[in-house]
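Subject: Handover of a structure

Dear colleague,

I am writing to hand over the structure shown below. A summary of the findings follows it, and I would be grateful if you could read the two side by side.

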Amino acid sequence: MNDLTATVFIVDDDPAVLKALARLMRSAGLKAAKFASPQEFLDCHDRNAPGCLVLDVAMPHLNGLEVQQTLTAQGSELPIIFLTGHGDIPMSVQALKQGAVDFLTKPVHDSDLIKAIHDAIEKNRLARQARAKLTELQQRLMTLTPREREVLGHVVSGKKNRQIADDLGLAEKTIKVHRAHLMVKLKAQSLAELVKLAERLEVISSPPD
Amino acid sequence: MSWITIAWSMMASAILTLALLHLFIWFHQTRQWAHLFFSIAAFAVAVTSGFEFLIMRAVTIEQMASLLRWGQVPLFVIWVAIVCFVRFHFNAGRLWLAWTTGGLRALALILSFTTGQNLFFNKVTSLKHVAIFGGETISIPQGVLNPCYVLGPLSMLALVVFVVDTAVTLWRRRDFTGRAIFLCSCITFFLLVMVGHGFLVNAGLINSPYLVSLSFMPTIIAMSYELSYDVLRSAQLARRLQASEAELRISEQRMSLAISAAELGLWEWDIVHDVIWSTDKGLSLYGIAKTEQLGFNQFLDSLYAEDRDPVRKSIDKSLASGGNYESEYRVMLPDGNIRWLAARGHVEFNKDELPLRMYGVSIDITRRKQTELDMQKQCNELAHLSRVAMLGELSGSLAHELNQPLAAILSNAQAALRFLEQDTAELDEVRDILNDIVDQDKRASEVIQRLRLLLKKDETQQRQPLDLNEVVQEVLKLMRSDFANRNIVVKIGLASDLPPVIGDRVQLQQVLLNLIMNGCEAADSVKHRQLQINTLWNGNAVQVSVGDQGRGIALDDMERIFEPFFTTKSQGMGLGLSICRTIINAHNGQLLARNNADCGATFYFTLPAYPEECT
């Protein structure tokens, strides 16, 4: 999971443009992969691969927006930079709404494109990082016993140990033990951190009385 | 005065009048030999009547003998003249019979001077004075008959045979029949009468004056009648000729009026001697001075340089194929102006089928050509406007076509700059990049070239042999991104054996552009966004078709879609297809539409193939 493995996927039906863009990537020290048609790209794309997608809008059979929709449906997080021959405002709005990181017109200036690519790769990296973190947290959450999860819900909703003990019909001491265990399992140093983690993991807090 | 004097002199003068009359005719028409021989015969008859008169009035025996002897001379002349008359007038009669007749009479003449006192008598012994009707007394010779006398009747018989033979010949020939038989029987009868009567007088059996001239008189009159029939007929002919000449003159006047009203120039080319004759109008049409001796090369020189070769070929063709000649060309007038002429002609051949002469007319068609050119110009302007409008609709697609190579060039160039900035410059890579830049630059300029061609305002059509497959591909290149934008799939089937056609590249591109754009619009409205573009060669014509999967054409609209200002689109002038049809028609082709069996419509045009042998 580092920047060096990030790949710029380029899809353009014009071989000359495709070749030139790939070259530009290489000259900027980026790794590029060329695809002459959207279908070719979709067929061999690994959605976990890091990087970004540079996509021509106007292509026969399957246009750029349709590719974007397909990728979204597949749950891909690959940031997309659209390239278009003629600035088409409705199309760019739609593309951006659907989550495109940028919408550039051809001929595109190298610095604009490379900056957009770097931004996209960074965005992809961060997104991947965030996802990795979340996955770890989820794994931590998985280690809790059902009773500990129950207690966690009550703790993040801001209840005192006594109230929790009353609610669950347990001894206050027992609650304290559960609480200590789950703090360790979730690697939370403080109550504030625990609340933040629970938020990220979308732990449903138990309803207040 | 005695009646004999009156009768004989009247007879002589009547015959002389006839003789003079026909002599006069002969003087004016010296080829009419019959008139000459008639007048000779008539003179001789008149002279004979003189002899007869003197014989009747002879006083001494010597005088009588001498008159009888010399009287043979005019008789000989009569014989020869009648024979010649018959020969020349009827153009018939056996030659040997003619010679025999003449020869016998000549012999009679010679014997008249060499034997006895004359042909009739060895010796005239006395003069018998006899009284005849009217109290007149005439002298009649008496004496010993000359045995040579028989030559007279012989020569008469020969003449009769000659004349009868001639009549038979003519009857067989069905020539002059009635008249010839009448004349011949007349001659025959009166000859017999004369000779018979002469013999009776000479033999002293009857007392009568010689009636030679009297006997010849009806013959002379019959001959004169025969001749005057000809004179009459020629007079009639002359009158008729005059009438027809007058008619001819009127018809000539009408003709020349028509020719001058139509401003036609008549000409005739004597191919064998290479001489061209033309009316003044014809010469002035070609701007040629009247004094020039005109041949084929001078004619060619008068033409506009570019038209000389086609005209020469066209003339060669009509000379070789034996047909009519028709051509339109320009002539360069001496003042530098150009005049359009149309010429039509016909070639005449001899029996060996070699061209003898060619004749025809030329007419000034400058005004018509000017109108045609004006119309052509307007059509071209309209076509140009429609083309510009279409390219306007395609502007997005065209911009894309230009943008792609520009985008490639920019990215390539910037990549190259980046490579060069690096410490280890990849020169091979940079070289590749520069090559690609050159290629893409060419690509961009080709697009511009195509656009320039389509946007150019050409007033005249530029006809040249074209490969329609190429035209189709050029148009598809222009429209490629339009198809992508509209999400239309184009299927192309190009025939590999397509012969060339003759045409204007830009205008044919325009037609295809128009048909394909219409097809795109039809496809827009339906799910199956597909166009099928085919070219094919059916042995006669080259066909290009553009088929869509749209809604098709309503049957009522099938022909109307080609009418100007008819449109089914919400935004359309309704000129596109009408202009397309005008263009295709001007290329001697056809533009048609039909609904497909399944769905959608196909527009197709056919153009005649350009014959290989002409290339």
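In chain B, helix α16 (residues 505-524) packs against helix α17 (residues 576-586) at an angle of about 145°, and their axes are 10 Å apart. Please note that this is a predicted model. The crossing of α16(B) with α17(B) is left-handed. On the side of α16(B), the contact is made by B:Gln507, B:Gln510, B:Val511, B:Asn514 and B:Leu515. These meet B:Gly576, B:Cys580, B:Ile583 and B:Ile584 of α17(B). Sorted by class, the residues of this contact comprise five nonpolar and four polar ones, with no charged residues.

Chain B also contains an open sheet of five strands, with antiparallel pairing, in the order β4-β3-β7-β6-β5. Which strands stand at the edges? They are β4 (275-278) and β5 (324-332) of chain B; each has a single partner strand, so one side of each is left without a neighbour in the sheet. From one strand to the next, the twist averages 25°.

Helix α11 (residues 305-321) of chain B packs on this sheet, where it touches β5, β6 and β7 (355-364) of chain B. The direction of α11 makes about 165° with that of β5(B).

Turning to how the chains meet, 20 residues of chain A are in contact with 24 residues of chain B. On the chain A side, the largest share, eight residues, is contributed by helix α1 (residues 15-27) of chain A. The residues of chain A that touch chain B comprise eleven nonpolar, four polar and five charged.

One residue of chain A deserves a separate paragraph. A:Asp13 lies in the loop between β1 (7-11) and α1 of chain A. Is A:Asp13 buried or exposed? A residue counts as buried if 20 or more other C-beta atoms lie within 10 Å of its own. A:Asp13 has 20 other C-beta atoms within 10 Å, and is therefore buried. In space, A:Asp13 and A:Leu55 are 9.8 Å apart, C-alpha to C-alpha, while in sequence they are 42 residues apart.

With kind regards

How values were computed
Residues numbered from 1 in each chain as written. Chains lettered and ligands numbered in written order. Predicted model: local features only at pLDDT ≥ 70, side-chain atom pairs only at ≥ 80, totals over all residues. Contact = placed C-beta atoms within 7 Å. Helix = DSSP H or I, 4+ residues; strand = E, 2+ residues; numbered from the N terminus. Nonpolar A, V, L, I, M, F, W, Y, C, P; charged D, E, K, R; others polar. Axes fitted to C-alpha atoms, helices over the stretch in contact; angles between N-to-C directions. Left-handed = near helix turned anticlockwise from the far one by under 90°. Pairing = 2+ DSSP bridges. Buried ≥ 20, exposed ≤ 12 C-beta atoms within 10 Å, placed from the backbone.
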